[in-house]
Amino acid sequence: MNASASQTARAPIGGHPRRIVLVVFGVVSMTLLILLPLFSVFYYALREGWSVYAGHLKDPETLHAIGLTLLAALVAVPVNTVFGVTAAWTLSKFDFPGRRLVTSLIELPLSISPIIIGVAYLFVFGLQGLFGEWLIDHDLRLVFSVPSIVIVTTIVTVPFVFREVLPLMQSQGPNEELAAISLGAGGVKTFLKVTLPNIKWALIYGVSLTFARSLGEFGSVAVVSGAVRGETNTMTLQIHMLFDDRSQAGAFAVASILTSIALVTMLVKTWVENRETHRLLRGMGTVKE
Amino acid sequence: MKRFFVPGLLALLGLAAPAASQAGQEILNASYDISRELFADVNKAFVPYWKQKTSGDVTVKQSHAGSSKQARAVLEGLRADVVTFNTAGDVQLLAASRFVARDWATRFPFNSSPYYSVHSILVRKGNPKGIKDWSDLAKPGVSIVQVNPKTGGNGRYAVLAYYAAGLESSGGDAAKARALLKSILANVAVFESGGRAATSTFTEREISDVLVTFEAETLAYATSPNGNYEVITPSVSILSEFPVAVVDKVARKKETETLARAYLDYLYTPEAQEIIARHYYRPRNEEVAARHASRLASIKALEVGPVFGGWEKATRDFFDNGALVDALLKEIASEVR
């Protein structure tokens with residue numbers, strides 16, 4: 001995850017049977033469990049040729065599902081980035097009663113099943129729920145609609161940035177910030193020049209996790225979607241629906257897009273990490289120019 | 001913060017979802033699980049029909065899930081203008097909460113059911129277990145997939161079909177009908193939550209020997225090009241109605257009442273009846289029915305009303321918690337042990 005990992009010397013495996021067995025075991029299980037299913041998604045999607053594949057993706061309902069999923073991610077990521085950093089900052093730099101409780105509450109979506117979040121959301125915002133009457137009176141449609149999908153996706157992905165950033169901020173403590181402030185830096189400057197560079201890696205990691213998770217969310221959105229075709233179907237719901245509609249090729253075509261977006265996210269993250277690692281090593285003189 | 005957040009978010013979504021703000025009206029049809037293909041075709045034909053009739057543009061959106069689940073979703077706020085379900089009980093639920101008019105059943109012809117179907121049996125090619133009628137489903141070693149009677153009308157019809165077959169063959173002996181129902185239920189390997197899920201379990205996952213579902217589904221699968229299945233039409237079956245209703249509470253608010261009504265009226269036109277028949281449902285229009293008579297074998301179809309004293313009584317006797325189905329499943333479970 002950061003520069004220190006790549007600097008440690010690694011032990012060779014040649015001439016060590018047990019190490020070889022371990023490595024082979026790792027590679028084989030990774031192939032079986034990850035590479036093969038990944039390959040099959042693209043194989044089944046493209047089996048009937050490019051034109052069929054493109055035809056499936058040009059379907060207006062599928063295009064809408066891709067758009068809706070990206071919209072949900074594009075709301076969830078910035079909201080949870082700002083929230084996660086702010087919350088982690090507050091909890092790590094200041095002391096106040098109830099800190100533990102707040103931490104646990106923010107991390108709650110990680111440990112309860114998304115479907116419970118969906119059902120709970122329905123109980124609060126559904127017409128038969130707590131605010132049902134009020135919502136009807138004000139003509140707010142917070143269930144079975146686009147806002148419900150976006151909101152639920154945001155709730156489910158709340159913990160990711162927070163969880164990545166918090167331990168780092170805690171281990172760093174407030175000393176560097178205090179130093180910056182004592183030298184005359186303002187709040188914003190301290191944040192941008194001291195805090196942000198310190199948590200950069202954790203932040204990038206958290207953001208990419210949030211993004212990936214919001215694309216892939218299924219359980220909670222399935223509850224609040226109402227499955228209106230071309231309106232409240234996200235990519236995961238569209239895959240499920242196409243599969244049930246006897247359109248395996250269509251389902252795999254959408255799955256291939258979802259997988260591609262996830263792969264690109266991962267590649268971008270790895271590339272940024274590598275570049276930074278390289279820059280750091282060069283700065284230390286470990287790697288020649 | 002929430003006060004600013006929610007409207008702000010809605011505004012953002014309004015910008016991002018241009019499809020919703022197109023000129024012309026839009027209605028949502030909340031329907032049961034396996035009607036996806038049917039209503040995709042009906043809606044395609046309704047758009048030009050409406051345009052010709054009123055020169056207005058219309059978009060019909062679809063939502064599909066188990067019929068009872070859809071009824072719940074409408075109660076929770078799914079903004080469906082019309083519902084097209086597969087049992088009267090699910091519409092009744094909406095009528096009880098005043099989403100649908102109390103006299104909904106008389107608002108359209110034929111009990112507000114523009115088409116009907118019967119329950120039938122799908123087996124694997126060659127019929128390896130030699131299934132000919134409902135009583136064969138009770139044989140040891142036959143395994144069945146059907147919809148859970150608690151979650152879908154499809155499953156309730158299946159249970160009533162078994163029982164009705166028992167009554168027919170024994171000359172009305174309730175004890176014999178109960179015994180047949182019990183031995184068939186003992187052979188059910190999977191109770192699925194929705195009609196299409198049951199079909200997928202049978203066809204894709206290749207679980208069990210028999211799928212019991214609407215004839216519209218079994219015929220569609222048996223006649224599809226790569227279908228390795230055969231339909232067994234039983235000697236007697238239960239007639240399934242597909243009641244439709246305007247969800248007044250929603251339509252009034254969205255000002256789509258006229259359109260919603262016209263959409264349901266359209267289902268009774270010869271044009272729509274033809275589409276319905278092509279999807280293997282039995283049309284009400286006699287001319288259309290005659291045209292498709294060769295594909296839809298004639299069958300003795302018993303109605304829930306006369307045989308079971310109506311849906312309310314059938315629900316009380318068979319499907320409520322602790323009623324016959326629960327009692328039989330409990331007996332079966334205790335005998336296995």
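Helices are DSSP runs of H or I with at least four residues, strands are E runs of at least two, and both are numbered from the N terminus. A helix's expected span is 1.5 Å times one less than its number of residues.

This is a predicted model, where local features need pLDDT of at least 70, side-chain atom pairs count only at pLDDT 80 or more, and totals for chains, interfaces and linings use all residues. Residues are numbered from 1 along each chain as its sequence is written, and chains are lettered from A and ligands numbered from 1 in the order in which they are written.

Start with α2(A), residues 17–46. Its 30 residues should span 44 Å, and its end C-alpha atoms lie 41 Å apart, which agrees. There is a kink of about 40° centred on Thr31(A). That bend is the angle between axes fitted to the seven residues ending there and the seven starting there.

How many of the 30 residues of α2(A) are buried? Buried means 20 or more other C-beta atoms within 10 Å of its own, exposed means 12 or fewer, partly exposed is in between, and C-beta atoms are placed from the backbone. The number is one, so α2(A) lies largely in the open.

Now β4(B), residues 115–124. Nine of its ten residues are buried, so β4(B) is largely enclosed by the rest of the structure. Strands pair if DSSP finds at least two bridges between them. β4(B) runs antiparallel to β7(B), with five bridges. Val123(B) has Val210(B) as its bridge partner there. Four bridges join β4(B) to β8(B), again antiparallel. In β8(B), Glu230(B) stands opposite Val123(B).
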